[in-house]
Structures are given as C-alpha cells and as structure tokens.
Amino acid sequence: MHEVETITSGTRYCVPCFFTTCPVPDAAYEQMAVGKPKTNEDMADDWLHLLLAHRKEEAHESLGRVKELLMKWHYICTPLGEH
C-alpha cells in the first residue's frame with residue numbers, strides 16, 4: 001500500500017498500474033479500435049479515452065478500456081522517438 005499526504009485543495013486522481021515484462025503481441029493491437037499511437041495527438045486521445053470514461057459504461061465495457069490502457073501503458077508514457 002502507498003500512503004500519500006492529505007489533499008488540501010483540488011482533485012486527486014489515482015491510476016492503478018500493473019506491469020508485465022512480456023511484450024504485448026502485435027495481433028492484440030490489431031484487435032483494438034485504435035492500435036499503437038503514431039502521433040502525439042494519438043497519445044493524447046488514448047489518455048483521454050482510456051483514463052476518462054466520457055459516457056456511462058457497463059462493467060464489461062470498462063474492463064475492456066482498462067485492459068487496453070494496461071496494454072498501451074508503455075506506449076503512451078514513452079516519447080514517440082523511443083518506441
């Protein structure tokens with residue numbers, strides 16, 4: 001468990017992170033509506049779509065969104081030139 005100081009103003013967001021040392025197969029990216037990010041705009045879109053549900057979701061829909069976030073995590077956290 002990670003403890004943090006009490007928030008005094010604003011909003012704190014928390015993102016659970018789980019790692020794997022195994023690469024995600026390319027076929028998995030091909031099954032996604034939007035595959036690997038190719039531009040900074042793609043990365044920004046992934047952050048918005050994958051972290052913030054902009055609509056009411058059923059449990060199975062949010063599960064798919066979180067799974068995609070975990071699969072794309074290293075791509076959207078790494079500068080494009082280092083992919």
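Reader: How many residues does α3 have, and how far does α3 reach from its first C-alpha to its last?

Author: Happy to start there. This is a predicted model, where local features need pLDDT of at least 70, side-chain atom pairs count only at pLDDT 80 or more, and totals for chains, interfaces and linings use all residues. Residues are numbered from 1 along each chain as its sequence is written, and side-chain values use heavy atoms, leaving out hydrogens and water. Helices are DSSP runs of H or I with at least four residues, numbered from the N terminus. A helix's expected span is 1.5 Å times one less than its number of residues. Here, α3 has 18 residues and reaches 24 Å, close to the expected 26 Å.

Reader: Where does α3 bend?

Author: A bend is the angle between axes fitted to the seven residues ending at a position and the seven starting there. In α3 that angle is about 40° at L70.

Reader: Which residues of α3 are buried, and what do they pack against?

Author: Buried means under 20% relative accessible area with a 1.4 Å probe, counting protein chains only. In α3, R65, E68, L69, M71, K72, Y75 and I76 are buried. The buried residues of α3 pack against α1 and α2 (40-51), contact meaning heavy atoms within 4.5 Å.

Reader: Which residues form the largest nonpolar core?

Author: Such a core is a set of buried Ala, Val, Leu, Ile, Met, Phe, Trp, Tyr and Cys residues joined through side-chain atoms within 4.5 Å. The largest has six: V24, A28, Y29, M32, M71 and Y75. Two or more of these come from each of α1 (26-31) and α3 (59-76).

Conventions: Buried < 20%, exposed > 50% of the residue type's maximum accessible area, 1.4 Å probe, protein only.
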